[in-house]
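These are my notebook entries on one protein chain. I set down what I looked up, entry by entry.

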Amino acid sequence: MKEQLTNEMCLMFARVLPDVNTNTIRSVITVALEHYTVTKSTTEITTYNGDPNEKLLKAFLVAKKVNGASDKTVKYYAFILQQFFRKSEVLADKCTANDIRVYFAKREIDDKVSAVTRNSERRVLSSFFQWLNDEEIIRVNPMRKIPKIKAKKEQKKAFDDMELEKIRNGCKSEKETAIIEILISTGCRVSELCGIKLEEIDGDTVIVHGKGNKDRTCYLTAKARLAIDEYIHTDYFQKRYKLGSPYLFAREKLGSGEYMNQMGTASVENLTKRIGRDVGVDKCHPHRFRRTCAT
């Protein structure tokens, strides 16, 4: 309960003071509670009969959030763990290595899930059961007996110069051209592209917000800078900018006439697929631009 109280207080401080260092707050609270015993007050007369897995899951997700995990990561962890509990029908503190082996076997045979996906799920389960072990809720971590699930590695191709020129020619607006040139130039993830704000572009550099809430600087080619300049002078962009949207690529809130939200990742994925289909370039998706930039 002391750990749970500390996590909840850290989250509250983070909400009202966005710039606060949660690690420092955690240390202060830990010292303050050193000589106290913490129990949760309740008005219930009967014993708690709720789902014990759900109780442990909530405590784990709070701990992940306090330790800096993004909302997207926390949501993914919740989805995978809820799926595991639903399919395995075991209590977290009674789970064995064999229960986990059976779960992954069913995922492979019944659900036809790839080795890459199963290994991603294995990492989530490993994090959860290690947390249970660290909190002394379980004595032995069952994931220690579950090895990494190896996937077949295939050589994935980058775009060649001819394919890139075809894609450029397939753009139908200044917005589409700007999106493609930024992807080619920076190699950023599609979520990072959607989150770019106009104020974060400075000459030939742009700040993108990556995984794990980490920012980094990416560089723009002359073609990308020209494409952005032509795009921001269009009526399409100016309308959204004047209504207060800070994003380079904004979308309208449904039925509101406001343009505060950033463009969705699915929209960019559909855009690149459509261009690839129109110009005859196979496997035209945002991550392939990232691979091309790295190559």
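**Entry 1: F85**

I began with F85, which I located in helix α4. The model is a predicted one, and I kept that in mind throughout. Is F85 buried or exposed? Its relative accessibility is 10%, so F85 counts as buried; the cut-off for buried is under 20%. I then looked up its contacts, leaving aside neighbours within four places in sequence, and found N53, L57, V90, A92 and F128. I also checked F85 against C95: the two are ten residues apart in sequence, and their C-alpha atoms are 10.0 Å apart in space.

**Entry 2: two nonpolar cores**

I next asked which residues have the most contacts inside the largest nonpolar core. I noted I167, I179, I182, L193, L248, F249 and F289, in a core of 34 residues. The elements giving two or more residues to this core are α7 (161-169), α8 (174-186), α9 (190-194), β2 (205-209), α10 (222-232) and α12 (265-279). Of these, α8 gives the most, with six residues. I followed L193 in particular: leaving aside neighbours within four places in sequence, L193 is in contact with I179, I182, L183, C188, F249 and V268. Apart from this core lies another, of 32 residues, and I found F85 among them, along with Y77, L125 and M143.

**Entry 3: helix α2**

I turned to helix α2, which spans residues 22-32, and listed its buried residues as I25, R26 and I29. Why do they lie on the same side of α2? They cover an arc of only 100° around the axis, which puts them on the same side. I recorded that these buried residues pack against α1 (2-16) and α3 (52-66). On the face turned away from the buried side I found the exposed residues N23, V28 and V31. A32 is also in helix α2. I then compared the positions of A32 and A222, which are 190 residues apart along the chain, and found their C-alpha atoms separated by 56 Å.

**Entry 4: the largest pocket**

I looked up the largest pocket and noted a volume of about 1200 Å³. Which residues of its lining lie nearest its centre? They are K72, R189, V190, S191 and K211, out of 30 lining residues. By class, I counted five nonpolar, 13 polar and twelve charged residues in the lining. The elements α4 (71-88), α6 (115-134), α9, α12 and α13 (286-294) each supply at least two residues of this lining.

**Entry 5: two positive phi values**

Finally, I checked backbone angles at two lysines. K112 has a positive phi of about 60° although it is not a glycine. I located K112 in the loop between α5 (97-109) and α6. Its relative accessibility is 66%, so K112 counts as exposed. K283 is likewise a residue other than glycine with a positive phi, near 50°. I found K283 in the loop between α12 and α13. At 68% relative accessibility, K283 counts as exposed.

Methods: Residues are numbered from 1 along each chain as its sequence is written. This is a predicted model: local features need pLDDT of at least 70, side-chain atom pairs count only at pLDDT 80 or more; totals for chains, interfaces and linings use all residues. Side-chain values use heavy atoms; hydrogens and water are left out. Buried means under 20% relative accessible area, exposed over 50%, partly exposed in between (1.4 Å probe, protein chains only). Helices (H or I, at least four residues) and strands (E, at least two) are DSSP runs, numbered from the N terminus. The arc is that of the directions from the helix axis to the C-beta atoms. Contact means heavy atoms within 4.5 Å. A nonpolar core is a set of buried Ala, Val, Leu, Ile, Met, Phe, Trp, Tyr and Cys residues joined through side-chain atoms within 4.5 Å. On a 1 Å grid over the protein atoms alone, a cavity is a set of points where a 1.4 Å probe fits but cannot get out, and a pocket is an open set with protein on both sides within 12 Å along at least five of seven lines; lining residues have an atom within 4 Å of a point. Grid points are joined across faces, edges and corners, and a volume is the space filled by probe spheres set on the points. Ala, Val, Leu, Ile, Met, Phe, Trp, Tyr, Cys and Pro count as nonpolar, Asp, Glu, Lys and Arg as charged, and the others, Gly among them, as polar.
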